[in-house]
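Have a look at the structure, then work through the exercises below.

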Amino acid sequence: MRKVTVTGSKTYDIIIEKGCMERVGELAKQVIGVGKSILITDDIVDGLYGTIVETSLRSAGFDVVKYVIPNGERSKNGYEFLKILNYMAENELTRSDAVFALGGGVVGDLAGFSAASYMRGIKLVQIPTTLLAMVDSSVGGKTAIDLPAGKNLVGAFYQPDLVLCDLTAAETLPDAVFADGCAEIIKYGMICDEEMLEKLEGSVHEQIGDIVERCVSIKRDVVNEDEHDHGLRQLLNFGHTPAHAIEQNSNYTISHGRAVAIGMAMITRACLPEAAEKLEKLIEKYDLPTETDYTTEQLVRTALSDKKRKGNTITLVVPEKYGRCELKKITIDEIAEYFRCTKKQ
Ligand code: GLY
């Protein structure tokens with residue numbers, strides 16, 4: 001069993017192991033004790049793992065109610081959020097009870113924000129089932145819902161009590177969903193780990209335990225230093241400013257991982273053209289896109305509603321070299337320059 005411990009405002013373990021989902025009841029009981037719990041998941045993940053998790057929780061002594069959302073980013077809204085809170089109240093969950101978030105990034109964000117908000121915060125266990133959620137969104141306590149004006153515009157920093165990354169779930173994902181996770185792994189390589197970029201020339205499947213542990217450890221180090229995203233943590237947003245604009249323009253039909261892949265390629269073509277071709281080749285190896293049909297003007301307009309904007313400036317993550325990024329504060333008039341390479345040169 002691999003274990004990475006995060007020590008920010010709350011100390012918690014991330015357990016990385018094949019089959020750990022089947023032991024969620026026993027593992028969670030050691031950390032949070034038993035009580036009432038709400039299992040929040042989506043309609044696809046429920047069919048795959050809902051019974052396994054519910055059975056494990058019940059055998060450990062948890063009382064379980066379940067709430068299932070329709071899968072996809074469109075469920076990450078205020079309406080679903082309030083429905084969940086009402087369901088928690090109807091089932092008389094108290095401050096000593098727990099939310100179990102079983103699913104990908106959408107479930108993790110929505111369930112995490114529900115845990116953060118209900119009675120000003122109840123216990124939270126994240127059980128990410130996608131590679132993307134394992135390496136990024138389930139760790140570090142960012143929780144959110146979207147507004148029509150933009151992605152993740154309402155949310156809270158709320159650290160979980162435990163994260164369980166069951167590698168069997170990652171290994172059995174459909175290829176396209178697995179590839180979405182690879183985009184975030186490439187992101188970690190680009191921001192600070194050239195060795196990871198080399199590893200990615202091989203097969204992620206064959207090195208899955210090492211890669212998930214490495215990504216989570218990078219994220220742990222960053223979050224320990226800057227939990228609330230005032231500085232260093234912003235590096236984790238490499239490619240994300242154009243990516244959020246692409247996702248929003250597509251009405252979320254382009255997945256987060258694909259949008260991040262395009263965003264990283266766009267920014268690299270604009271800032272470090274000598275590394276762009278190498279990065280594009282790596283992204284394409286994972287069947288991820290590097291170009292978008294949206295125009296620079298469309299993407300800039302959307303990006304201006306991004307929460308990373310501060311008055312007339314925005315902090316962008318730009319590559320200094322292949323395997324290292326830095327933060328750069330630019331004015332909103334300069335964004336178009338960084339978003340100009342929507343296509344390969
Ligand atoms: N996904 C970026 C972060 O957690 O800060």
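Two strands pair if DSSP finds at least two bridges between them. Strands (E, at least two residues) and helices (H or I, at least four residues) are DSSP runs, numbered from the N terminus. This is a predicted model, in which local features need pLDDT of at least 70 and side-chain atom pairs count only at pLDDT 80 or more, while totals for chains, interfaces and linings use all residues. Residues are numbered from 1 along each chain as its sequence is written, and side-chain values use heavy atoms, with hydrogens and water left out.

**Exercise 1.** Find the order of the strands in the open sheet, and its edges.

*Solution.* Step 1: the seven strands follow the order 1-2-9-6-5-3-4, with mixed pairing. Step 2: strand 1 (2-7) and strand 4 (63-69) are the edges; each has a single partner strand, so one side of each lacks a neighbour in the sheet.

**Exercise 2.** How do strand 3 and strand 4 run, and how many bridges join them?

*Solution.* Step 1: strand 3 (residues 36-42) and strand 4 run parallel, joined by seven bridges. Step 2: one of the pairs to look for is Leu39 with its bridge partner Lys66 in strand 4.

**Exercise 3.** Describe how helix 1 packs against helix 2.

*Solution.* Step 1: helix 1 (residues 24-32) and helix 2 (residues 43-60) make an angle of about 50 degrees, and their axes, lines fitted to C-alpha atoms over the stretch in contact, are 7 Å apart. Step 2: in contact (heavy atoms within 4.5 Å), Val24, Gly25, Glu26 and Lys29 of helix 1 meet Val53, Ser56, Leu57 and Ala60 of helix 2.

Technical notes. Axes are lines fitted to C-alpha atoms, for helices over the stretch in contact, and angles run from 0 to 180 degrees between N-to-C directions.
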